[in-house]
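Have a look at it first.

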Amino acid sequence: MALEQVVKYVKRIGLTTLAAAVLGASYLSGCGKTEMEPSTRLVETQKSVGKEEIILEKLKETVERNPDDVKALSNLGYFYNELGKYEESIITYKKALEITPKDSMLHGGLGNTYLRKGDIDKAEKELKLAIRLDLNNYG
């Protein structure tokens, strides 16, 4: 389902803000993308063969070598989230947002992490901000 269809559906049936945030998080976490970035694809491939710790160390090394590399921070935040290491994910996304505070994908990733952690209020705030920052892709 394309995001435009999701938005129309949410408006038509009058979903609550929470339900809209869940739909937004699902979209931002990848269901609306047609293709993964190569680095995300690598993470998914490594996870599927049980090499989580190896890829986690590689991502951490990349960030240590390049602490201002937003893409590396984003990948590390994403991977922490996938491993259920929500606090680490939140810290990492926030570091990336210090560098590029208006990056909608980072706000979306942070919102998704908050959602998975169960912090609905913070998830809603971040997901709404992600949508506001990038209406061309999310609204």
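Q: Which residues of helix 5 meet which residues of helix 6?
A: In this predicted model, Val 70, Leu 73, Ser 74, Leu 76, Gly 77, Tyr 78, Tyr 80 and Asn 81 of helix 5 meet Tyr 86, Glu 88, Ser 89, Thr 92, Tyr 93, Lys 95, Ala 96 and Ile 99 of helix 6. Contact here means heavy atoms within 4.5 Å, and helices are DSSP runs (H or I, at least four residues) numbered from the N terminus.

Q: What kinds of residues make up the contact of helix 5 with helix 6?
A: They divide into 9 nonpolar, 5 polar and 2 charged. Ala, Val, Leu, Ile, Met, Phe, Trp, Tyr, Cys and Pro count as nonpolar, Asp, Glu, Lys and Arg as charged, and the others, Gly among them, as polar.

Q: At what angle do the axes of helix 5 and helix 6 cross?
A: They cross at roughly 160° and come within 8 Å. The axes are lines fitted to C-alpha atoms over the stretch in contact, with angles from 0 to 180 degrees between N-to-C directions.

Q: Why is helix 5 called roughly antiparallel to helix 6?
A: Angles over 145 degrees count as roughly antiparallel (under 35 is roughly parallel, 65 to 115 roughly perpendicular, the rest oblique). The crossing is at roughly 160°, so helix 5 is roughly antiparallel to helix 6.

Q: Why does Thr 92 count as buried?
A: Buried means under 20% relative accessible area (exposed is over 50%, partly exposed in between; 1.4 Å probe, protein chains only). Thr 92 has 6% relative accessibility, so it counts as buried. Thr 92 lies in helix 6, and beyond its neighbours within four places in sequence, it contacts Leu 73, Leu 76, Gly 77 and Tyr 80.

Q: What makes Tyr 114 count as buried?
A: Its relative accessibility is 4%, so Tyr 114 counts as buried. This residue lies in helix 7 (residues 104–117). Setting aside neighbours within four places in sequence, the contacts of Tyr 114 include Ile 90, Lys 94 and Glu 126.

Q: Where is confidence lowest, and where is it highest?
A: Helix 2 (residues 17–31) is lowest, with a mean pLDDT of 48, and helix 6 (residues 86–99) is highest, at 98. pLDDT is the predictor's confidence in each residue, from 0 to 100. Over residues 13–23 the pLDDT is below 50. Where pLDDT is low, the predicted coordinates should not be read in detail.

Methods
Residues are numbered from 1 along each chain as its sequence is written. This is a predicted model: local features need pLDDT of at least 70, side-chain atom pairs count only at pLDDT 80 or more; totals for chains, interfaces and linings use all residues. Side-chain values use heavy atoms; hydrogens and water are left out. Helices (H or I, at least four residues) and strands (E, at least two) are DSSP runs, numbered from the N terminus.
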